[in-house]
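Hi everyone, thanks for coming. I'd like to walk you through one model today, going from helix packing to charged pairs and then to the core. Please have a look at it first.

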Amino acid sequence: MATVHEWTGLEALALRKALRLSVRAFAEKLGVSVNTVSNWERFLAKRRPNTESQAILDTALTQANAATHVRFETELAKLAEGDTSSEVAGRVTIPRPRAWDYETWADDLERAVVALSRQNFPFAESLLHRWTSRYKASELDERGLSLLARSTAMQGDLRRDQGAVVGPLSAQRSYANARSLYTQLEIPRRVAQLDLSLAVVTEMVGELETAARQYEDLAADDRLSPRDRARARLWVGTALSKDGNHDYAVNVMETAVHAFEELSEQEDWSVAQQKLALAHRGSGNLDAALRLIDLARSTGVTESPMQRVRLDTAYGHILLSDPATLDDGLHVLDDAAREAAQYGLSHQLRSITDIRRTAEGAARPTRR
């Protein structure tokens, strides 16, 4: 609630309006004359009530309910704008953020989740930035710090999906900042989840062995939920497969698939089929790769542009591995590239370009 250090006619008028009382009723409530209240309101910030009236006004404000306090702060802001001679900030302290700021912040985070799921990056960024740029961690209580940490972690997700992986304004920096906030809040599970996100960044920059070790440690980390530990196990296989260790990657991924089955995590299970298909492609088992990618495409959630691009990229990659389906694979990759460009999925677009370049190089006849 707002604290008035020194009352003037300006704050008194704001309180009367907030209480929705006439001048006479307000005077009766305070136990002062109507003429006294009229003089306060005539001179506003130039009139300072006496010491006894200061205490009376303090009591009236303290006894007011929460709705009245909201109206008081709103009226005070309006009156201060119209009275350029007043310096309300020196006389009144209004705590920031207020309870309704937190509610609005939480609502905006839910809207940002939806925007991110649809890869509407500009709107998601605007929702997150309006809060992360408004408050410093030192200004916030525990609830505010929790909202700031969540917002910062989501900024990391946004930048990761856009392909801004390292650098000053990157996923890595956002995740590290969010991890620091959750450490301050002493929430081990969230800290471990940020460790998992940072391991994803490590994989994305090509440090595959390091990423695999980080995933393996997290797959056995009790701070994480069973689902997160299964995801870490799946990503161990992803990093290994990218590093050329396809057979071992298949074994690790199958363990994760069984875990998702036991947890009834359908979406994660479908994603695991996609990654398992790519591992089989790498080991040369195209029949298994095609069977698994078909399974992933038929069971996966394709409402998200990101997931559609990932599925099509994996499918095209597998088709390129067989000269008989090379043209079909290029066509699928072209469609995936167009959608990736449409939604600003830079990392996916780079992956598609690398896959095409490798395939075209392999298909080019060797000159004598």
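Predicted model: local features only at pLDDT ≥ 70, side-chain atom pairs only at ≥ 80, totals over all residues.

Let me start with what I mean by contact: heavy atoms within 4.5 Å. Helices, for their part, are DSSP runs of H or I with at least four residues, numbered from the N terminus. With that in hand, take α11 and α13: Q193, L196, V200 and E203 in α11 meet D228, A232, W235, T238, A239 and K242 in α13.

Residues are numbered from 1 along each chain as its sequence is written, and side-chain values use heavy atoms, with hydrogens and water left out.

Back to the helices. At what angle do α11 and α13 pack? About 10 degrees, with the axes 11 Å apart. The axes here are lines fitted to C-alpha atoms, for helices over the stretch in contact, and angles run from 0 to 180 degrees between N-to-C directions. Angles under 35 degrees count as roughly parallel, over 145 as roughly antiparallel, 65 to 115 as roughly perpendicular and the rest as oblique. So α11 and α13 are roughly parallel to each other. Their crossing is left-handed, meaning that the near helix is turned anticlockwise from the far one by less than a right angle; clockwise would be right-handed.

Now α12, residues 208–219, and α13, residues 226–242: their axes come within 8 Å and cross at roughly 160 degrees. That is why we call α12 and α13 roughly antiparallel. This crossing of α12 and α13 is left-handed. On the α12 side the contact is made by L208, A212, Y215, E216, L218 and A219, and on the α13 side by R229, A232, R233, W235, V236, A239, L240 and K242.

One more pair, α10 and α11. Their axes come within 9 Å and cross at roughly 165 degrees. The arrangement of α10 and α11 is therefore roughly antiparallel, and α10 passes α11 in a left-handed crossing. From α10, the residues A171, Q172, Y175, A176, A178, R179, Y182 and T183 meet R190, V191, L194, D195, S197, L198 and V201 of α11.

Two of those names lead us to the charges. Side chains of opposite charge can pair when their charged atoms come close. I count a salt bridge when a side-chain nitrogen of Lys or Arg is within 4 Å of a carboxyl oxygen of Asp or Glu. How many salt bridges does a search of the whole structure find? It finds 20.

D195 forms one with R179, the closest N and O atoms being 2.6 Å apart. This pair links distant parts of the chain, with D195 in helix α11 (residues 188–204) and R179 in helix α10 (residues 171–185), 16 residues apart. Is D195 buried or exposed? For the scale, buried means under 20% relative accessible area, exposed over 50%, and partly exposed in between, using a 1.4 Å probe and protein chains only. At 18%, D195 counts as buried, while R179, at 29%, is partly exposed. There is also a network: salt bridges link R179, D195, D221 and R223.

E110 and R150 make another salt bridge, at 3.0 Å from N to O.

A local case is D335 with R338, whose side chains meet in a salt bridge at 2.3 Å, N to O. They are 3 residues apart in helix α18 (residues 326–342), which means a separation of about one helical turn. D335 is partly exposed at 31%, and R338 is exposed at 53%.

Last stop, the interior. D268, in helix α15 (residues 266–282), is buried at 9%. Leaving out residues up to four places away in sequence, D268 touches R227, R231 and F260.

F260 also turns up in the core. By nonpolar core I mean a set of buried Ala, Val, Leu, Ile, Met, Phe, Trp, Tyr and Cys residues joined through side-chain atoms within 4.5 Å. The largest one has 82 residues, and those with the most contacts inside it are W105, L140, Y215, L234, F260 and I293. Apart from that core lies another, of 25 residues, among them L13, L15, L19 and A60.

Thanks, and I'm happy to take questions.

Notes
Helix = DSSP H or I, 4+ residues; strand = E, 2+ residues; numbered from the N terminus.
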